[in-house]
Amino acid sequence: MQFWDPRIEELSKADLQKMQYKLLKSLVCRLYSFSPFYHDRMKEQKVHPDDIKELADVTKLPFMFKRDLRDSYPNKIFTATQEELVRYHVSSGTTGKPTVVGYTQKDLDSWTTSLARGFTAIGLGRGDVIQVSYGYGLFTGGLGVHYGAERIGATVLPTSVGNTERQIELMQDLEVTAIACTPSYLLHIGEVAEKMGIDIKKDTHLKTGILGAEPWTEGMRTRMENWLGIRAYDIYGTSELSGPMFTECTEQNGFHVWSDIALVEVIDPKTGEQLESGEKGDLTLTMLQKEALPMIRYRIGDISSVDEDVCPCGRTSPRIKRIQGRVDDMLIIRGINVFPSQVEYALMSIPEVGQHFQIVVERTGALDDMLVKVELTKESFSDKITDLMQIQQKVEHRLRNALNVAVDVELVEPGSLPRFEGKSKKVIDKRSL
Amino acid sequence: MDTKKYVIKQISIFSENRPGRLASVAQALGEEKINILAFSIAEANGFGVIRALVDHPEEAYEKLSSLGYNVAFTDVIAVQMKDQPGGLFEIAKVLGDAEINIEYSYAYSGKTAAVLILRVDQVDDAIEKILSSGATLLEHSIFH
């Protein structure tokens, strides 16, 4: 069994909690003094850094939500100056405004360390060739995994997404041993390889999949492992936390959340109460060392539970179990977060279509297809097909820009989409995971 | 020249491309005792436009609008063609020579002769050119 940081990874539960308390206390003191956002929040909650006397006092601290990040666009919550920032990543927000995440050098280092520990825990290291088929750019997946893989001394093949046939050729020719991508993209790669007459199991050196950015199941794991002859590991993170952050170990039973990096809680979404180990609720993380964009009790919105027991692999940190769904209506389309509210927001600026819409998500082969149905307004109806097609293309273009994901648009008759009183069901997700 | 009498009001209906839509339109018109004299369907990606010449366009418009359809009037012209080889060529050539663009067109075999329905970009010009070529245009009073 290999460890990257045995000192931290095997720390006893008691020492680990002492360490977390120290980190939490200094984080709270720092933010109370230097962050107007957290200062105000703590005042509202009537909590002072002096009230944090033990680790359990974390429950006295206020929560933070995605909407707080939206309201702080682009950088109002940052506690680092622009000179101290070394990188930005940008992810989709719940409305037209995206979420900007800034990183200091220390933030990047701790992100990279977190992944180095995880990659080591799944048996990767020097001599491995890791193909990074996550998107590089504003999305955190590509660059995040890239630095983690370099850190452990592996050779990185930064293919990013797309051009699948070339990816498969390179995988063969450069003897790739591990691939990092979304589970649906790996399925797609498998299908394309079959069409090319290549059996990934026999004709490549691929042994490991690091799969994340969208939810998947044990059933998909078994299928991919048998079909492709690999061990498939889940990886978890969100851009607010830095990016893909935590992986499973070879036990394949939950993501190890390193205790010096994050304090994990599970919160009952209805009452806001902290739940016991093993109970399902809203995953809530406090990032203990983040500098540029601090996160105290950030309610991620992913539903899971936490296992506090020491893992059979020897690591003592708590493990987050597989993600079972969302608290809100966020969709993940080809690894990209999509909120129905973003669609609504984008449509508001297009007078040719009404405000009503319906999203239909399907999986064709291995990839997600998103269809948005919109109603053509009476005023914009033209007898000319080309005019109508222009409207259709305009909506597709606007949605693509707003969501960063390709969308098909269907024009439907006015009044034909279902109307809802109260909570509307605007999404039909036909994917079966 | 008074070209107005040759301008015919076509109704155009936006329709999703799925089973039963045409039946629904036709049923509504039938219930109102509106006769369809000619019609065509143009289809695109996921939707279509039903175009029809009817004997009572105003009533058809009212009825379909009340059912929630997107309906519009479009000006078209109807040319009587010789129902024989070369008949279409004569008309198309007149318009082509005059640089008048046909946006779309459909035809039906009328009681006495074939009829070509045309949607063109310059309606008045088209009417003058067709008449001066010696061809016959149907007046709107024939339809409604």
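**Sheets and strands**

Student: Which order do the strands of the four-stranded open sheet in chain A take?
Tutor: The order is β20-β19-β18-β21 in chain A, and the pairing is mixed. Keep in mind that this is a predicted model.

Student: Which are the edge strands?
Tutor: β20 (408–412) and β21 (427–429) of chain A. Each of them pairs on one side only.

Student: And how much are neighbouring strands of this sheet turned against each other?
Tutor: By 20° on average, ignoring direction.

Student: How many bridges join β18 to β19 in chain A?
Tutor: Nine, and the two strands run antiparallel. β18(A) covers residues 353–364, and β19(A) covers 367–376.

Student: What holds paired strands together in general?
Tutor: Backbone hydrogen bonds, in either a parallel or an antiparallel arrangement.

Student: Which strands does helix α12 of chain A lie across?
Tutor: β18, β19 and β20 of chain A. The helix spans residues 385–403 and runs at about 135° to β20(A).

Student: Switching to chain B. Is strand β1 mostly covered or mostly open?
Tutor: Mostly covered. Seven of the nine residues in β1(B), residues 8–16, are buried.

Student: What about β3(B)?
Tutor: Six bridges join β3(B), residues 47–54, to β1(B), again antiparallel. There, S12(B) has R51(B) as its bridge partner.

Conventions
Residues are numbered from 1 along each chain as its sequence is written. Chains are lettered from A and ligands numbered from 1 in the order in which they are written. This is a predicted model: local features need pLDDT of at least 70, side-chain atom pairs count only at pLDDT 80 or more; totals for chains, interfaces and linings use all residues. A residue is buried if 20 or more other C-beta atoms lie within 10 Å of its own, exposed if 12 or fewer, and partly exposed in between; C-beta atoms are placed from the backbone. Two strands pair if DSSP finds at least two bridges between them. Axes are lines fitted to C-alpha atoms, for helices over the stretch in contact, and angles run from 0 to 180 degrees between N-to-C directions. Two residues are in contact if their C-beta atoms, placed from the backbone, lie within 7 Å.
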